[in-house]
Every structure is written in structure tokens, then in C-alpha cells.
Amino acid sequence: MRWLAGLLLGCWLVAAGNVHAADKSLISQAALRATPQGYVLDADIDIALNRTLDDALSKGINLHFLLELELTRPRSWWFAEDIAEVQRKQRIYYHLLLRRYVVETGYTTRTAANLSEALAQLGKVEEWQVLERGALKTGQRYDARLRLRLDTAQLPKPLSIGAVTSDKWELATPWYEWSFDAPAPPSPSPPLP
């Protein structure tokens, strides 16, 4: 009986999502910087939910996202060398009892009073540790690509089946691409006596 209710909810949400968000989600800026521990990523992502995703969220359905970073080193005589492919799982949901949005990024959980505040928190990437110290050669040129996408595999089963055939369950930023020269990591702080 519960699966039937879930299936009906899924069909209703698919039917309700005829209108897409006027603005598309996109990454407005991203940069890697060196720390004593390695390299961290900072980025700003503008996230726009379409009506289907907005309705699903307001009904208490979790929306899972993947933040994906790809790093390569260009080579003139051969294909680019793959340096790293890292992902960070993120999640946003509406807590029906608290009447607040909950945003989970990495190991951090925050709440927000409204959807726009929650999406701003989800789209603010600060000090995400992506590489260990020594992973990049100082002064070497690297290319980076970053995107955020909805992980439809994490939707409840009745919804994930519909998500395969419907673009109403899609949300992915275009790849944000940039090149940079690897900065030298600062020296670690000496231990306190």
C-alpha cells in the first residue's frame, strides 16, 4: 500500500512539473588555492529549481546533489594527463516538523528559514579539500572543470523511474572551466610549545 502511495505521489509530481525555472543553474566563479594541508576549492553556484523539484522539496523529498571537479594537466604532445576526479555529496530537504530547510554539505549541516537562503547555502563552496599537499607541481599549468548536478539515483524509487524519462527531474550546471598555475603551498605552522 505504501508503494502505491509513493507511485501516486511520483506521478503527481511529474504531472505538476510542467513549468521550468526561468533561470538556469550555473557556477559564477570557482578557484583552487593552496593551504598548508593541500589545495582547497572555493566556488559560488547559483541554483534555480524548476517547479517539479521545488514541489518535491516542499513535500519532504530529499534532493541529493553531486559537486564534481576534474583536474587535468595539458600536454602538447599527447592527451591531457588526468590528475584528479573528486566528488562531494550534498543534500537539501525540507524538515516538515521544524518547518525549516536542512542543507548538508560534506560533514556540515545547516538549517535555513526559506528556500532561497537554503539554496544560497548549498551553492556556497568554501575550503573544500580536494587535493593533498604535493599533488600539484608548483608553477605548472592545470585545467579544471566543475559542475553541480542532481543525483537522480538517490530519489525514492517511484520517482527515480520517472526521472529517467523526464527532463523535469534534471538539474545540472554547465561545466565551469578554467586554467591556473599551481601556487606554492604555504609552509605548515610550527607546533605550539
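**Strand pairing and turns in the model**

Colleague: In the hairpin of S5 and S6, which residue takes a positive phi?

Modeller: In the hairpin of S5 and S6, two residues lie between the strands. The model is a predicted one, and in it S5 and strand S6 (residues 108-112) pair in the antiparallel sense over five bridges. Thr-105 has Thr-108 of S6 as its bridge partner. The residue with a positive phi, near 60°, is Gly-106.

Colleague: Which residue in the turn of the S4 and S5 hairpin has a positive phi?

Modeller: Strand S4 (residues 81-95) pairs with strand S5 (residues 100-105) over six bridges, in the antiparallel sense. Tyr-94 stands opposite Tyr-101 in S5. Four residues separate the two strands of this hairpin, and the turn residue whose phi is positive, at about 55°, is Arg-99.

Colleague: Which strands stand at the edges of the open sheet of three strands?

Modeller: The order in this sheet is S1-S2-S7, with antiparallel pairing. A strand with a single partner is left without a neighbour in the sheet on one side, so the edge strands are S1 (26-35) and S7 (124-132).

Colleague: What is the average twist from one strand to the next?

Modeller: The sheet in question is the open one with the order S1-S2-S7. From one strand to the next, its twist averages 25°.

Colleague: What is the bridge partner of Leu-32 in S2?

Modeller: S1 pairs with strand S2 (residues 38-46) in the antiparallel sense, over nine bridges. In S2, the residue that partners Leu-32 is Leu-41.

Colleague: About what angle does the direction of helix H3 make with that of S7?

Modeller: Helix H3 (residues 115-123) packs on the sheet and touches both S2 and S7. The direction of H3 makes with that of S7 an angle of about 20°.

Technical notes:
Residues are numbered from 1 along each chain as its sequence is written. This is a predicted model: local features need pLDDT of at least 70, side-chain atom pairs count only at pLDDT 80 or more; totals for chains, interfaces and linings use all residues. Side-chain values use heavy atoms; hydrogens and water are left out. Two strands pair if DSSP finds at least two bridges between them. Axes are lines fitted to C-alpha atoms, for helices over the stretch in contact, and angles run from 0 to 180 degrees between N-to-C directions. Contact means heavy atoms within 4.5 Å.
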